[in-house]
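Could you take a look at this one with me? My notes are below the picture.

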Amino acid sequence: QDNLASLLGKLKELLKNQDGHQFPVTNTLSCTSVKAMGTLASCPTGMTATGCSCGFACGSWNVQNENVCHCLCPVIDWTAARCCKLA
Amino acid sequence: QDNLASLLGKLKELLKNQDGHQFPVTNTLSCTSVKAMGTLASCPTGMTATGCSCGFACGSWNVQNENVCHCLCPVIDWTAARCCKLA
Amino acid sequence: QDNLASLLGKLKELLKNQDGHQFPVTNTLSCTSVKAMGTLASCPTGMTATGCSCGFACGSWNVQNENVCHCLCPVIDWTAARCCKLA
């Protein structure tokens with residue numbers, strides 16, 4: 001219904017969220033690193049892998065399921081995932 | 001014009017978009033990988049490269065035009081781009 | 001105060017910002033690369049490192065303070081940071 005009362009009700013709700021910064025607006029790219037022994041390193045829940053680093057100088061990797069770094073060289077001691085999300 | 005009618009007209013439009021989730025608000029970082037033979041791998045349109053992976057263990061690369069991964073080692077069999085966008 | 005005048009005042013302000021694109025809405029992931037001699041490369045202020053590239057084919061690196069790439073191989077001539085932010 002589009003009468004004035006319902007509009008103002010929605011407006012009040014909108015402005016309340018706006019004032020309380022609960023509006024679903026994101027404004028920062030937040031990243032962290034996760035390092036693990038072996039060939040796999042998993043990002044925390046809600047984060048996606050933007051890049052991977054591997055032990056033994058290895059630069060060959062892929063990303064599984066968008067959030068797990070997998071180093072591909074025959075000998076790997078550690079794997080690190082660079083993980084990002086909007087916050 | 002700032003009379004009540006025009007304000008409410010704009011408000012209705014604003015709330016309509018708000019309800020339909022058409023407000024230009026982004027809330028997810030979405031990434032994917034693209035692998036190609038050779039030394040270059042291009043991100044899909046609208047995505048930017050956040051990191052690159054190279055065959056033969058190579059960790060030397062650069063990004064061309066913000067969306068193409070270029071592996072720099074003398075011998076490279078494949079190149080992979082990690083590509084992200086807001087969605 | 002929630003009377004009509006104050007609501008409409010807030011509404012006018014909201015719509016003005018909306019029209020002028022000053023609403024705090026982000027809609028692009030913007031990335032750039034920074035290359036430096038040695039083992040460290042720093043992202044510009046306000047950007048975070050999403051991945052790193054190293055000279056001499058090295059694929060082992062970490063990120064310091066979320067915005068500095070650090071290549072970890074014994075011999076490194078250059079380091080490059082892939083840096084991103086919302087814009």
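Here are my points, starting with some ground rules.

1. This is a predicted model, in which local features need pLDDT of at least 70 and side-chain atom pairs count only at pLDDT 80 or more, while totals for chains, interfaces and linings use all residues. Residues are numbered from 1 along each chain as its sequence is written, chains are lettered from A and ligands numbered from 1 in the order in which they are written, and side-chain values use heavy atoms, with hydrogens and water left out.

2. Chain A has one helix and six strands (DSSP runs: H or I of at least four residues for helices, E of at least two for strands, numbered from the N terminus). Along the sequence they run α-β-β-β-β-β-β.

3. Of the 87 residues in chain A, 45% are buried (under 20% relative accessible area, 1.4 Å probe, protein chains only). The accessible surface of chain A is about 4300 Å², with 52% of that belonging to carbon and sulfur atoms (Shrake-Rupley method, 1.4 Å probe).

4. Now contacts, meaning heavy atoms within 4.5 Å. Among those in chain A between residues at least 6 apart in sequence, 60% join residues at least 24 apart.

5. Over in chain B, an open sheet of three strands is ordered β2-β5-β4, with antiparallel pairing (strands pair if DSSP finds at least two bridges between them). β2 (40-42) and β4 (61-64) of chain B each have a single partner strand, so one side of each lacks a neighbour in the sheet.

6. β4(B) pairs with β5 (residues 68-71) of chain B over four bridges, in the antiparallel sense. Which residue in β5(B) is the bridge partner of Val63(B)? That is Cys69(B).

Note on methods:
Buried means under 20% relative accessible area, exposed over 50%, partly exposed in between (1.4 Å probe, protein chains only).
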